[in-house]
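User: Hi! I'm new to this and would like to walk through a structure with you. Could you help me read it?
Analyst: Happy to, here it is.

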Amino acid sequence: MKHFRMSFVITIICLGLATWWGYTQGGVTGALQAMGVATILSIMEVSLSFDNAVVNAAVLKTWDRFWRNLFLTVGILVAVFGMRLVFPLLIVAQAADLGLGEVWHLALNNPAAYSQHLTNHHAEVAAFGGIFLLLVFLNFLFDDERHLHWLGCVEKKIGSLGKIASISVFLALGILIASLSLVEEGKKLIVLVAGIWGILTYVGVDIIGSLLEKNDNDPNVGDLVKRGGIGGFLYLEVLDASFSFDGVIGAFAITSDVVIIMLGLGIGAMFVRSITIYLVHQETLDKFVYLEHGAHYAIGVLAFIMLASMKYHVPELFTGLIGVALILASLWSSMRYRRKAALNNS
């Protein structure tokens, strides 16, 4: 429980603030409603981002203490305040041609208008985040050096395609172009540009990390993030940002109160951080060997859901449950693998 101690402290503080904020808006009824909504949002955030915690842990377990602690401290501040408060404000500011102060005033005093501005730009956000997450999944899938395969020979055969240079980028571009059919004519160009920025960001993390780190002999993001440093730090920050897009947009289907959204999602983000620390310290990924596979497949599903959401509404409950189902399936497979290995060794 020591890994979750700070998360419970933050939960009590945030729920207290949410209750106080609700009371100022609508008395006792408003206070109870605000506390309940914040709780729901925190649970939704954990369910949507559990696979994010697994992937984070898979990367962080090979990092040195400095970079690991930096991500778990500075990174969580960026995750809570940057992606769940500032980034939505920036989107609305750019869309409405307003200053950040004016947008904050709009969010507090006219949340319906603020929510509408943000929702109007959902397609671009979904294209950027969906394509970035898709590349994370594809580069895991097309890893010809991985020896352990959850789906057996099928996954091994697919992984061998990783020998083809840039196959992940090629497929991501193709899927992005195909997904434009889901967008109305007037938005196709801006959605295409947003998706291309998702690709450029993924590749750019690799380039920046290689330029800034002393040991820059590794040619791809997969090798880069394993050794930590600025490249890996940027990679995990953008990965977390891509996960948070879906949660922030989805939160407005539950409430338009930006303060409650930030507090609720902030609680969830803290628990995701605690889960990440727990997985690293307990060496869980070494014990459950297919857990990382399940998380990446969940990321792949989330990527396609985000792209589909440019036209269709996909309930957040479905998104969270399918991710949890893949994680549980990978846990079950891992336990079977351990039992089989124990029998072979006995």
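Analyst: One term before we start: two residues are in contact when they have heavy atoms within 4.5 Å. Also keep in mind that this is a predicted model.

User: Is S168 buried or exposed?
Analyst: Buried: S168 has a relative accessible area of 6%, and buried means under 20%.

User: Nice. New topic: which residues of α1 and α13 make the contact between them?
Analyst: From α1 there are D51, V54, V55 and A58, and from α13 there are L291, E292, A295, H296, A298 and I299.

User: How do those residues divide by class?
Analyst: The contact of α1 with α13 has 7 nonpolar, 1 polar and 2 charged residues.

User: At what angle do α1 and α13 pack?
Analyst: Helix α1 (residues 5-60) and helix α13 (residues 291-308) pack at about 130 degrees, and their axes are 9 Å apart. That angle makes α1 oblique to α13.

User: Which hand does the crossing have, left or right?
Analyst: Left: α1 passes α13 in a left-handed crossing.

User: Let's look at another pair. How do α3 and α4 cross?
Analyst: Helix α3 (residues 100-109) and helix α4 (residues 111-120) cross at roughly 120 degrees, and their axes come within 5 Å. These two are therefore oblique to each other.

User: Which residues are in that contact?
Analyst: On the α3 side they are V103, L106, A107, L108 and N109, and on the α4 side P111, A113, Y114 and H117. By class, the contact of α3 with α4 has 7 nonpolar residues, 2 polar and no charged.

User: What about cysteines? How many disulfides are there?
Analyst: The count is 0 disulfides, where a disulfide would need a pair of cysteine sulfur atoms within 2.5 Å.

User: Is C14 buried or exposed?
Analyst: C14 is buried, at 11% relative accessible area.

User: And C153, buried or exposed?
Analyst: C153 counts as exposed, with 63% relative accessibility.

User: How about Y312 and L182, what separates them?
Analyst: Y312 and L182 are 130 residues apart along the chain, and 8.5 Å separates their C-alpha atoms. You'll find Y312 in the loop between α13 and α14 (316-345). Y312 has a relative accessible area of 47%, so Y312 is partly exposed.

User: One more pair: how far apart are L234 and I208?
Analyst: C-alpha to C-alpha, L234 and I208 are 8.9 Å apart in space, while in sequence they are 26 residues apart. Leaving aside neighbours within four places in sequence, L234 is in contact with V205 and I208. L234 sits in helix α10 (residues 229-251) and, at 27% relative accessibility, is partly exposed.

User: Last one: what is the phi of E283?
Analyst: E283 has a positive phi of about 50 degrees, although E283 is not a glycine. Most residues other than glycine have a negative phi.

User: Where is E283 found?
Analyst: E283 is in the loop between α11 (258-281) and α12 (284-287).

Notes:
Residues are numbered from 1 along each chain as its sequence is written. This is a predicted model: local features need pLDDT of at least 70, side-chain atom pairs count only at pLDDT 80 or more; totals for chains, interfaces and linings use all residues. Side-chain values use heavy atoms; hydrogens and water are left out. Axes are lines fitted to C-alpha atoms, for helices over the stretch in contact, and angles run from 0 to 180 degrees between N-to-C directions. Helices (H or I, at least four residues) and strands (E, at least two) are DSSP runs, numbered from the N terminus. Angles under 35 degrees count as roughly parallel, over 145 as roughly antiparallel, 65 to 115 as roughly perpendicular and the rest as oblique. A crossing is left-handed if the near helix is turned anticlockwise from the far one by less than a right angle, and right-handed if clockwise. Ala, Val, Leu, Ile, Met, Phe, Trp, Tyr, Cys and Pro count as nonpolar, Asp, Glu, Lys and Arg as charged, and the others, Gly among them, as polar. Buried means under 20% relative accessible area, exposed over 50%, partly exposed in between (1.4 Å probe, protein chains only).
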